[in-house]
Amino acid sequence: MSLTDQDEALISAALEGSARAWERLVRRYEGRVYNFALRMTGNETEALDLMQEVFLGVYRNLQRFRGDSQFTTWLFRIAHNKAVDMNRRKYLLTPLASLGGAEQTEDEVLEQLHDETQEQNPLTLLDTEQRNAGVMKLLNRLSWDQRLVVELKVFQSCTFEEIAEMQDISANTAKTRFYTAMKLLKTQMEQTHVV
Amino acid sequence: MSCNETAHIVAARFDDSLSPRQRRLLDEHVAACAECRDALADTQASAAQLRQWQEVPVPQWQRVPEGLREKQRASRPRFSFWTQWLPLATACMLALAVVLNVQVQIGGNGVQMAFGGSTQAQDISAQLAQFEQEQRTAQQQAMQQLAVQLEERQTTANLRLMETMVEQFGESTTRSMEQVLAYFEAQRQEDLQLLESSYQRLADSDFQTIRSVQQLANYVQYQGGQLQ
């Protein structure tokens with residue numbers, strides 16, 4: 001049974017009221033959604049809130065999923081919309097402003113990410129925190145729209161057509177936005193001597 | 001010289017759905033365009049840096065929404081409904097069976113169910129009455145036989161007892177009878193003697209009476225003669 005078939009089987013069972021099937025479906029994708037939310041919000045509390053909103057939205061709209069696209073595409077369309085909603089409610093911009101400012105040191109970013117990785121091995125923890133803090137510093141340099149495009153393309157492997165549909169823009173605009181964002185990241189990397 | 005295709009070239013490089021022909025054209029353009037080549041190098045470096053992200057484990061959270069949990073709980077009463085109402089339904093059925101006098105019989109013909117007083121019950125009652133009557137008659141006959149046997153045994157026993165008594169007391173009875181006869185004889189002799197003496201006294205008394213009468217007659221004759 002392929003991954004898509006397994007997804008569809010779990011969705012069918014969940015629609016019939018199987019809590020176990022739903023939980024298996026959630027466990028299959030919660031890692032991707034949570035890390036997506038963490039990169040978009042920058043802190044654990046809001047990431048957890050966003051993830052819960054995403055899966056609640058998935059549950060409420062599960063009957064509308066017809067299998068025309070992959071479940072992951074449908075899932076991240078909802079995730080994208082929920083992230084945008086959260087951003088509009090001003091819950092997202094505040095931590096981004098504090099994280100994205102030039103005033104924020106790498107130690108502050110590390111401290112902010114510490115809660116998410118505190119149960120890991122200390123050496124792994126340090127490595128993870130440093131790597132993730134570096135990524136977060138780069139992402140914080142991007143605008144909200146650029147950040148979404150980069151997230152959906154680099155981490156979620158969405159096509160530009162899918163990104164364009166989610167953001168209600170043309171595919172060419174999505175491609176240009178992506179290129180601009182990546183060029184900006186490269187510039188930021190050179191400034192911070194990452195590369 | 002600025003290339004207008006750079007954004008598309010970079011985007012195309014990140015697109016996995018290119019056909020072989022499209023990929024060949026892309027490679028040809030990148031080989032010929034320094035700007036696109038540099039842009040591709042930069043974006044790939046940026047992407048590599050972003051992919052340094054380490055997956056953060058998901059903290060514990062409530063995965064099953066409340067709506068689904070309620071749905072799950074709502075689906076459970078199917079089982080608990082039966083466990084709740086089955087004993088009551090069984091009790092009602094049994095009570096109804098008692099009230100309607102339902103009789104279930106399992107035999108060679110399968111399961112037979114009858115409601116109310118069935119003919120079978122009547123048959124059983126008649127058979128019981130007949131059996132009771134037969135038992136009563138048999139008991140009476142047995143009692144009569146026992147009484148006869150007992151009477152015979154008692155008669156025999158009485159005879160044996162009488163014989164034994166006669167044997168045991170025969171001699172003493174004979175002796176007693178002789179003594180009684182002797183006693184009677186003595187009494188008779190004594191009575192005869194008493195009777196003789198009584199006769200004698202009576203005779204003496206009669207003689208005196210006659211003499212008195214003769215004196216009275218004499219006196220009467222004397223008195224009569226004087227009157228004349």
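Lys186(A) is buried, with a relative accessible area of 10%. The model in which this residue is described is a predicted one. Lys186(A) belongs to helix α10 of chain A. When residues up to four places away in sequence are left aside, Lys186(A) touches Asp42(B), Ala45(B) and Ser46(B). With Asp42(B), the side chain of Lys186(A) forms a salt bridge, at 3.8 Å from N to O. A second salt bridge joins Lys186(A) to Glu190(A), with an N to O distance of 2.6 Å. The side chains of Lys186(A) and Glu190(A) are also listed as a polar contact of 2.6 Å. Glu190(A) and Lys186(A) are both in helix α10 of chain A, four residues apart, which is about one turn of the helix. The two residues fall into separate accessibility classes: Lys186(A) counts as buried at 10% relative accessibility, whereas Glu190(A), at 44%, counts as partly exposed.

Helix α10 of chain A covers residues 171–191. Several residues of α10(A) are buried, among them Ala174(A), Phe178(A), Tyr179(A), Met182(A), Leu185(A) and Met189(A). Lys175(A) and Gln188(A) are also included in the buried set of α10(A).

The contact between the two chains was then considered as a whole. Chain A supplies 47 residues and chain B supplies 33 residues. The size of an interface is often given as the accessible area that is lost when the parts come together. Between chain B and chain A, the buried area is about 3,800 Å², and 68% of this area comes from carbon and sulfur atoms. Two salt bridges are counted between chain B and chain A; one of them is the pair Lys186(A) and Asp42(B). Eleven residue pairs are in polar contact between chain B and chain A, with both residues at pLDDT 80 or more. On the side of chain B that touches chain A, the elements giving two or more residues are α1 (6–13), α3 (34–50) and α4 (66–75) of chain B. Of these, α3(B) gives the most, with eight residues. Sorted by class, this side of chain B has 17 nonpolar, ten polar and six charged residues.

Chain B has six helices and two strands. Along the sequence, these elements follow the pattern α-α-α-α-α-β-β-α. Chain B has 228 residues, of which 13% count as buried. Among its contacts between residues at least 6 apart in sequence, 36% join residues at least 24 apart.

Over all chains, a search of the whole structure finds twelve salt bridges. Side chains of opposite charge can pair when their charged atoms come close. In chain A, the side chains of Arg28(A) and Asp7(A) meet in a salt bridge of 3.0 Å, N to O. Arg28(A) is in helix α2 (residues 19–41) and Asp7(A) in helix α1 (residues 3–15) of chain A, so this pair ties together parts that are 21 residues apart in sequence. Asp7(A) counts as buried at 5% relative accessibility, while Arg28(A) is partly exposed, with a relative accessible area of 26%.

In chain B, a salt bridge of 3.3 Å, N to O, is formed by the side chains of Glu28(B) and Arg24(B). Glu28(B) and Arg24(B) are four residues apart in helix α2 (residues 20–32) of chain B, so about one helical turn separates them. Both partners count as partly exposed: Glu28(B) has a relative accessible area of 42%, and Arg24(B) is at 45% relative accessibility. Elsewhere, salt bridges that share partners join Lys186(A), Glu190(A) and Asp42(B) into one network.

Terms used
Residues numbered from 1 in each chain as written. Chains lettered and ligands numbered in written order. Predicted model: local features only at pLDDT ≥ 70, side-chain atom pairs only at ≥ 80, totals over all residues. Heavy atoms only, no water. Contact = heavy atoms within 4.5 Å. Buried area = accessible area lost by both parts, 1.4 Å probe. Salt bridge = Lys/Arg side-chain N within 4 Å of Asp/Glu carboxyl O. Polar contact = N/O pair within 3.5 Å; in protein donor to acceptor, adjacent residues only side chain to side chain. Nonpolar A, V, L, I, M, F, W, Y, C, P; charged D, E, K, R; others polar. Expected span 1.5 Å × (residues − 1). Buried < 20%, exposed > 50% of the residue type's maximum accessible area, 1.4 Å probe, protein only.
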